[in-house]
Structures are given as C-alpha cells and as structure tokens.
Amino acid sequence: MRRFLSEVAVMAFLSIVVGGTPALAQDRQGAPDKYKWDLTQLYKDPATWEAAKDAFAKRIPEIASFKGKLGDSASVFYSALDTYANMDKELSKIYSYASFAYDLDTRDSAAQQRVQAIGQVAGDFGTAASFITPEILAVGKEKVDGFVAAEPRLKPFVPFLDNILRMKAHTLSPAEEHIAALAQSKMGGAPSSIYGVFTNADMPYPEVTLSNGEKVRLDAQAYTKYRALDDRAERDMVFREFWNKYGEFKRTLGTTLYSAVKAHTFDKEARGYDSCLQAALDRDNIPTAVYTQLISDVNSNLSTLHRYLKLRQRMMGVGQLRYEDLYANIVKGVDKEYTAEEAMKLVLQAVAPLGKSYQEALSNGFYNERWVDFFPTQGKRSGAYSSGSVYDLHPYELLNYMGRYEDVSTLAHESGHSMHSYLSNTHQPYITADYSIFVAEVASTCNENLLLHYMLDNTKDDAARLSLLGTYLDGLRQTLFRQTLFAEFELKIHEMVEQGQPLTGDSLNKLYLGLLKKYYGDEAGFCKVDDRYAVEWAYIPHFYRNFYVFEYATSIIASTSIANAIRQEAAAKKPSTKARDAYLKMLSSGSSEYPVQLLKDAGVDMTTSAPFAAAMKEMNGVMDEMEAILARQKK
Ligand SMILES: [Zn+2]
C-alpha cells in the first residue's frame, strides 16, 4: 500500500496556462490515438479488470496466513515478504487501471464505482497486511539480520526492513497497529475525498462573460487559464468572481481541512511524535530541520522575491503591481504555440545532457508505448501527473495540453517523473522501486530547467529571451516562494490544532492573508494583496497530503544545483559525465537509500543552506540579464 499512497501524490503544480485560448488547443476526443493512453495494455476491458480484482480479493487470506509466523525461520520470513511484495504489485496495477480510467472521465459513474470497489479491496489488503510491520519489529533487528545472512533472497528487502526497524519507537503493538490501519482505511481518506468531490464536481463555479462575448464557467481549470488574461480589467473580474465564490464556502472547506489536520494529529498522538511535522517527515527519514531551514531561508531572502515583483511591475508597465497581475504574461506578444509533436521533440532535445539512453527511453515512451494522454476533454481530471504505479509495464502521464510554452514545460516536468519511475522500476526490485516525494520533484524540475536552458541556447532575440527568462522567474516565484508560503501555512495550521485551537474558515483566512501580505511585500508596496484572496488556501488540494508542498521548494533548489552541474559538465572543454552519472544513479535507486542521502550522493546536501544560496544566485543572475536587456531597450 505504501507504493500507492505516495505515487498518487506525484502531481504537477505548474500547469500554468497563459493568455487566451490557443489556436492549437485540441480536444482529446478528436485527437489521434497516439496522443492518448491505451488502457487495454493493462486490461482488455472492464470485465477482465473486474475478474482480476475479484481474484485478488480472494487471495487476501494468503498474506494473512503468515500472521504470527514471521519469526519461524528465514525461509518463512522470505516467503511472507515476497508474497506481500507480489500482491502489492498486482494490487497497484489493478488500482491504476481503475483510477486512470476515472481520471479520463470523472463523470463516468461506472468508473467511479470501480475506483471505490478497488479502494475497498486495497483497504482490506492493507488491514490484512498490517501485522507485517509490528511483527518485524517484534522479531527484532538481531534475528532479522540473522535471517538476511542465512537467506540471500532477502537481500533486496534490506532497505525496506531497515526502514521499519528504525521506526521502532513510533510503532504500536500488533493489535494497535491493526486498529490504526482500520481507522486509516475506513476514515482516513474522508476529508480529502469530500474536498475532491465538492471542488471537482459539485462546487457551483461562477459563469463570466469575457469581452469577446464568450461565456466561461470559471472552474479551477478555467481559472488557471483566464487569470493570465492580458486585459487587466478582465483578469480582475476573473479573480473577483472566482475567489468570491470560494469565499462563500470557506466554512465548509475550512471544516474539511480541519478534519484532515485532525487526522494527522491522530497519527502524531497515537505514535508518540512531538509534532505532526515530525510524524510526517519521519516517513522518509527527513530531519525537521530541513523544513524549518527552508522557511527561514526563504523568509530571510524575501528581498529577492521583491526584486522580482519590482521587475514584473516595471515590465508590465503598471503603476502598482497587484496580486491579480502575477500570472499575466510579463512580455506581451511572444506567446508562441507548440503542437504536441513539437513539444515532444523539444523535450527530447532538451534532455540531451542526460545522455543517449535517457533520451531513447523517453522517445520510446512518447512514440511507441503511449505514456502520455495529452489533451483535455470535459470530465477529464484537471492538471497533470505522472504515475509509475504499474511496475511491469510503463509510466502513465496525464496532461491537459494547450500548446503554450508552459505546457511544453509541463510535459518536460511529467516526463522527468516518468523517467524516474522507468529507471527505478527497471533497476530496482519492486520492494525498493518506489521513490519518495522528496526526490520525486527533483527529477521533474531538473527537466524543466534543462528545457529552459535549451530554449535559451537557441534563442538570440531579446524579446524572446525576456519571455523565457520571465517564465523561469515565474516558475521560481511559484515553486520556491509560493510553495514555501504554503509550507509555512501548513506548519502553522498543524501547530494550531496541536495546541487545541480549532480551524475555521475565518481563522484560516486570517492566517493565510497575513502570510500573503508578508511574502508579497504588501505593506512596502511591492504587490498589493486584496483581502478577498485570503481564501486561496481553500483551493489548494495539496494541503490534504500532509506536509507535501515543501518538497516542491526543496526539489527546485536541489534540481537547480544538479542541472547546473550537468550542463557545465556537458559544455566543458573536456566533457565529463560524473555529475550526470551520479544523478542517473539517483533516478535508478528508487528507495534503496534514504532520500536526503540519495541527494547527497547526487551532489546536494539539503541539510545546509548552500543549495538555497545557489538557487538565489541563479535567480539574481537571471534578473541581472533581464535588467541588462531592458537597459539596452531603454525601458
Ligand atoms: Zn511533479
């Protein structure tokens, strides 16, 4: 089950689409098959899937039959773990088919029922297998080491076993673990499901009429598109209508978020952690200092964000920058469009510094194995993600491709995840093929960085360079600063609940608005933030993922550093492949090593401020170049 929970969370955040409706925007219904997933690669049809699900459900007693026997002998111990890994792998595939089909059309109630049905089976499996962790702990490190020495087939399980044994102090008795697993499977997901159904299906999104007469239903997808309109009055309207509507539901959405946070405190208290943060980060053996370090690094470098805001204000030619201005094109008129075909080609060329074999595997995924479902259709899940949940087959990428540069960048991003899955699934046994979120977003943002630099290397025109550099800064604003703002918010709401303070729509609004004003320099006039946007927290699904967003920020910091090293190496007089090889090794390592160590081996030490300082240096360098161009243009 571990595998599922983490990889469903691998979602892109930066599916920003700027400008009006691109001419190339295509509906997936009318698109050729090569731009769509072929789910028959998984199961011939829903009936075949149903049979696989039922067969799996019947096998659940197999894993339960090992209960109480793990300490019997090395060979029984091995059989139990092997059975668990194989069943989990099978379940993951069955689950994936259901959730992929549902994501392609969330209005399809049969697909929704399949997701619910397999969710039930997955819960039953999780409950049946819940004895494994406490029983391994009961067997104890000494005996486990003896088993590993006696049974060579246990070797691939060593990182998995280490990870359990190190959690001894926070693991409960078998009976208590059973209850915790029951609570998780029966109730744990409720706040997030309610939030998802409400915001995806039931929320009465406002309808607005654009100046060209077009009537638009302003759902999340449309909001991310129209908040970037060039016409200021028009995007003001988009912001106003969208956030006013969210404001009407702050009580309900505050209650769902409160419930989610309370569920996290359940875990913290039941397992004896000092804080929800510590409980959440312990999953990946990440010291809480990495988190608090990030928040303090960002807070002491808000002047770099403010420099960016000042530059944006100057380039947009507005007297006072406002929160409504942050998604609009910084340079007008260079919004080039790319077909899906061109996007694939660009991404493949951009990843050249990662080497031939990386390029070829991705190319095979694009053109032969149909990894990507490109275009939007009504009912298709919004945003973008990549899933490596089908170990034996290939990764799956869901996009809502609209043809802008940002969409090409999203393809690069998701393909970074896909290649990470591909390499780990190829090089690791199932039990260590999954990778933690902490390294996941390094693989994706590294590719975004490579794409940007590829574009810059091939763009001499000042206006086009300004546009690319501006897009890059927008990315840093959103991935580094905005996600850290979210991270700070997330930490504070958990601390409030830990101290017994309830979360309400109003208290969440107050806290969020304070952070918005601080980050964006409202008081000093860098960017004015209207009180209406206090409710933005209600729009962020990631708050249901328990300390997830900070990893976007740490990842972009790490990937900036890694991509820099690889590019420098490739461009050197005597090219070396040391940084590249270290990085590819990380991508091929799954969870065979702890994530902070994996990054250290790939050349970045996230327990220090050094990578952050390097990212700020790159950001300031980009602003230096932009200011130089503007000076040449006498703007
Ligand atoms: Zn991602």
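How far apart do the C-alpha centres of domain 1 and domain 2 lie? They lie 36 Å apart. Domain 1 covers 42-171 and domain 2 covers 247-333 + 464-545, with bounds from an automatic or database domain assignment.

This is a predicted model, in which local features need pLDDT of at least 70, side-chain atom pairs count only at pLDDT 80 or more, and totals for chains, interfaces and linings use all residues. Residues are numbered from 1 along each chain as its sequence is written.

**Helix packing**

Two packed helices are described by the angle between their axes and the distance between the axes. For helix α2 (residues 46-64) and helix α4 (residues 109-128), the axes come within 9 Å and cross at roughly 15°. Helices are DSSP runs (H or I, at least four residues), numbered from the N terminus. Axes are lines fitted to C-alpha atoms over the stretch in contact, and angles run from 0 to 180 degrees between N-to-C directions. The helices α2 and α4 are therefore roughly parallel to each other, a term for angles under 35 degrees. Their crossing is left-handed, that is, the near helix is turned anticlockwise from the far one by less than a right angle.

On the α2 side the contact includes Phe-56, Ile-60 and Ile-63, and on the α4 side it includes Ile-118, Val-121 and Phe-125. Contact here requires C-beta atoms, placed from the backbone, within 7 Å. The residues of this contact divide into 11 nonpolar, no polar and three charged. Ala, Val, Leu, Ile, Met, Phe, Trp, Tyr, Cys and Pro count as nonpolar, Asp, Glu, Lys and Arg as charged, and the others, Gly among them, as polar.

**Positive phi**

Most residues other than glycine have a negative phi. Asn-285 has a positive phi of about 60°, and phi of Asn-546 is near 60°, also a positive value.

A residue is buried if 20 or more other C-beta atoms lie within 10 Å of its own, exposed if 12 or fewer, and partly exposed in between, with C-beta atoms placed from the backbone.

**Asp-162**

Asp-162 lies in helix α7 (residues 158-165). With 15 other C-beta atoms within 10 Å, Asp-162 is partly exposed. Asp-162 and Glu-593 are 431 residues apart in sequence, yet 9.9 Å apart in space, C-alpha to C-alpha.

Definitions and conventions. Helix = DSSP H or I, 4+ residues; strand = E, 2+ residues; numbered from the N terminus. Parallel < 35°, antiparallel > 145°, perpendicular 65-115°, else oblique. Contact = placed C-beta atoms within 7 Å.
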